[in-house]
Amino acid sequence: MSTVTKLPVATKAARLPSGPVQPHDGGDAAAGRVERRLAAILAADVAGYSRLVGADEQGTLMQWRAHWDALIEPAIREHQGRVVRITGDGILAEFASVVNAVRCAVALQHGMAERNKDVAADQRMEFRIGLNVGDVIIDRGDMWGEGVNVAARLEALAEPGGLCVSGRAHDEVCDKIDIAFEDIGERQLKNIARPVRVYRARLHGASRTAMSPVWRTARPALLAAVAVLGALLIAAAWWLGPPPSPSAASRAKGAITLAGESGRAAERPRAPALSIVALPFVNLSGDAKQDYIADGITDSLTSDLVRALPGVFVVSRDTAFTYKGRGADAPQIGRELETRYLLEGSVLIEGERVRVNTRLVETEQGNQLWAERFDTERRSILQVQDEIVGRVSRAIGLQVVDLEARRSLRERPGSVELMDLVMRGKAVLNRPTSPATMMEARGLFEQALTVQPTSVDALAGVATTLVFEFINGYYEAGGDKRLRRAELLLERALAIEPRHLVALKAKTALRRAQGKFDDAIASAETVIADNPGEPWAYKEIGLSTLYLGRPEQALDWFTKADRIGPRDPGRWTWLDGRGHALILLGRDEQATRALIDALDANPRNVSSHAFLAAAYALLGRGDEARAALDAYEQRRPGTRVSTFRSLSPVPLALTSAAYRQQHERIKQGLRQAGMPE
């Protein structure tokens with residue numbers, strides 16, 4: 001918990017509640033003895049506290065005092081707790097009973113929700129609460145130990161208005177209070193040696209009695225869904241294209257086994273590498289009328305995976321739905337369906353928000369490989385499904401490619417099999433871009449072409465590295481040669497497979513590099529039509545729109561890319577584009593924030609240093625401008641204002657007259673930063 005401003009209510013801690021847990025006077029500590037005891041620890045902090053204080057320090061203080069007097073202290077006292085510590089934005093409290101602690105947390109969150117009912121969203125004071133049971137050390141009335149640390153880490157996992165509890169706390173209360181909990185898996189918490197199982201309380205949904213049976217029976221189905229989504233999303237990964245098609249024999253071997261045929265399935269050979277099943281997602285809203293939303297997301301995921309990953313073994317929707325409500329674990333499902341990965345998920349609809357939790361599981365051991373939560377507004381159900389399906393498929397595709405590449409290196413380090421080479425090349429391309437990653441990836445794809453000269457994955461992979469080297473300006477010479485070779489490779493790839501995802505993406509970037517912006521936009525729209533969850537395509541439309549002289553429209557496309565891919569390895573590209581557009585629009589302060597984020601996302605990114613230097617200079621922040629320019633010139637020595645970005649990522653002469661006029665503002669900033677003319 002941060003301590004930005006110490007609010008003058010700490011004296012309230014002296015007003016301790018009566019009850020079995022009494023404040024300690026520190027006598028034992030003074031005598032050299034340490035007191036230990038088992039306790040339920042509640043840690044809470046105010047979400048967005050720094051923002052609230054920055055906007056209205058006095059108003060925030062008054063809010064805090066009002067909430068403390070009317071709700072917080074009375075609730076802790078009523079539930080027989082002890083306030084241990086108060087910081088500027090948080091509370092640490094101790095309870096002898098974990099049931100009382102959870103009831104107190106629920107009362108606090110419900111009370112705060114009621115008190116915030118008529119408060120503007122950006123002015124609300126909302127708590128995140130974490131709760132743990134553990135051994136603690138008491139010293140002079142304060143409380144220390146790993147049990148406290150775990151509670152603080154759980155608090156950080158909670159949402160504003162939410163509550164996360166440890167597995168130990170959950171086990172103590174799950175049958176004693178009428179609150180539903182969602183198992184979000186084991187988490188490796190910072191500075192905690194062992195993983196901690198975490199449960200999220202459903203404070204505004206169905207009761208425990210209504211929801212727990214649904215969760216318990218549907219959980220195995222979710223695991224199977226994790227597998228389907230994982231394999232399918234390989235093709236949806238940022239630059240992923242369809243994996244090499246399996247042989248006819250392997251497709252025959254992959255015939256789907258219906259649920260219940262586990263006896264014969266146990267004797268079958270190992271599941272193919274790129275195989276997945278998306279099990280029916282579980283509706284956690286407590287309203288059976290909302291099942292159609294969860295089922296629709298599952299259907300869309302299965303369809304998207306089949307379309308996006310030709311050649312990948314994807315279990316059909318009808319077979320996957322035979323597991324709805326069944327109590328089968330991941331290894332059993334993997335044996336029965338001969339799939340390596342399962343995708344499971346749940347859907348929670350709360351008012352105008354839709355939340356989807358997903359988990360990717362490998363079936364051999366049942367280990368969780370990846371988990372993520374996706375939130376969106378509830379607009380039309382088709383919009384919700386498209387956005388969630390796109391985001392999930394993209395994220396899982398990235399994960400599966402990386403996992404399969406690592407598996408290949410571990411199990412077959414010297415392999416020259418086409419599948420291994422292509423998968424490793426894709427995994428390298430998923431890393432932040434640099435000259436070294438382009439060379440490494442191209443080497444793998446070139447090797448794959450010696451194995452199979454008609455491999456569309458390898459053709460598109462080599463072309464992608466050539467285009468990326470040009471648009472990132474890695475080499476001063478040979479740019480035209482790279483683009484010509486990339487075009488020939490892409491023609492061959494698209495002649496074999498006209499809608500190959502990676503080839504279309506590379507073609508989009510190629511057309512931008514050639515200054516054919518309308519063609520680039522049309523190519524990106526083709527990618528989006530097949531895969532709405534591909535943030536890279538939205539970024540490409542944004543960049544081409546930018547070079548056509550329409551920076552305001554470009555910002556909208558960069559925003560869409562960031563909404564779909566907030567953790568995408570290519571995120572730095574649209575953040576860099578956003579900073580670029582903001583400078584053209586004269587919004588320099590916002591530009592600095594976007595460019596700093598771009599550099600955080602990819603420290604090897606070069607162009608953002610120059611844009612940042614220009615933005616700082618235009619703001620009159622000379623020292624920061626010179627520092628940013630120094631960082632740029634270390635990587636691009638000898639650059640002058642007259643030559644800055646004159647050839648890449650798009651030759652300046654090929655951009656629109658409107659853009660060239662807007663670009664003068666960047667040149668002005670670079671001059672002010674100290675770049676020679």
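Start by selecting helix 22 and helix 26: His 580, Ile 583 and Leu 584 in helix 22 meet Tyr 659, Gln 662, His 663, Arg 665 and Ile 666 in helix 26. Here a contact means heavy atoms within 4.5 Å. Helices (H or I, at least four residues) and strands (E, at least two) are DSSP runs, numbered from the N terminus.

Before you go on, know what you are looking at: this is a predicted model, where local features need pLDDT of at least 70 and side-chain atom pairs count only at pLDDT 80 or more, while totals for chains, interfaces and linings use all residues. Residues are numbered from 1 along each chain as its sequence is written, and side-chain values use heavy atoms, with hydrogens and water left out.

**Stop 1: helix 22 and its partners**

Stay with that first pair. The contact of helix 22 with helix 26 divides into 4 nonpolar, 3 polar and 1 charged residues. For the sorting, Ala, Val, Leu, Ile, Met, Phe, Trp, Tyr, Cys and Pro count as nonpolar, Asp, Glu, Lys and Arg as charged, and the others, Gly among them, as polar.

Two packed helices are described by the angle between their axes and the distance between the axes. Axes are lines fitted to C-alpha atoms, for helices over the stretch in contact, and angles run from 0 to 180 degrees between N-to-C directions. Turn the view until you see how helix 22 and helix 26 (residues 657-673) cross: their axes come within 8 Å, at roughly 90 degrees. That makes helix 22 roughly perpendicular to helix 26. The labels go like this: angles under 35 degrees count as roughly parallel, over 145 as roughly antiparallel, 65 to 115 as roughly perpendicular and the rest as oblique.

How do the axes of helix 22 and helix 24 cross? Helix 22 (residues 571-584) and helix 24 (residues 607-618) have axes that come within 10 Å and cross at roughly 30 degrees. That makes helix 22 roughly parallel to helix 24. Their crossing is left-handed; a crossing gets that name if the near helix is turned anticlockwise from the far one by less than a right angle, and is right-handed if clockwise.

Show the side chains: from helix 22 you want Asp 576, His 580 and Ile 583, which meet Ser 607, Ser 608, Phe 611, Ala 615 and Leu 618 in helix 24. By type, this contact splits into 4 nonpolar, 3 polar and 1 charged.

**Stop 2: along helix 26**

Select helix 26 by itself. With 17 residues, helix 26 reaches 25 Å from its first C-alpha to its last, close to the 24 Å expected at 1.5 Å a residue. The expected span is 1.5 Å times one less than the number of residues.

Which residues in helix 26 are buried? Colour Tyr 659, His 663, Ile 666, Lys 667, Gly 669, Leu 670 and Ala 673. Buried means under 20% relative accessible area, exposed over 50%, partly exposed in between (1.4 Å probe, protein chains only). The buried residues of helix 26 pack against helix 20 (535-547), helix 22, helix 24 and helix 25 (622-635). Just after helix 26, click Gly 674, which takes a positive phi of about 115 degrees.

**Stop 3: helix 14**

Next, pick helix 14 (residues 418-429). Its end C-alpha atoms are 17 Å apart, which agrees with the 16 Å its 12 residues should span.

**Stop 4: helix 18 and helix 19**

Select residues 501-513 and 517-530, which are helix 18 and helix 19; they pack at about 160 degrees with their axes 8 Å apart. They are therefore roughly antiparallel to each other, and helix 18 passes helix 19 in a left-handed crossing.

**Stop 5**

Click Asn 132 in strand 4 (residues 127-139). At 6% relative accessibility, Asn 132 counts as buried. Its touching residues include Ala 39, Gly 147 and Ser 166.

Then try Glu 476, in the loop between helix 16 (456-471) and helix 17 (479-496). At 81% relative accessibility, Glu 476 counts as exposed.

Finish at Gln 80, in the loop between helix 3 (57-78) and strand 2 (81-86). Gln 80 has a positive phi of about 60 degrees although it is not a glycine.

Definitions and conventions:
Lists of a residue's contacts leave out its neighbours within four places in sequence.
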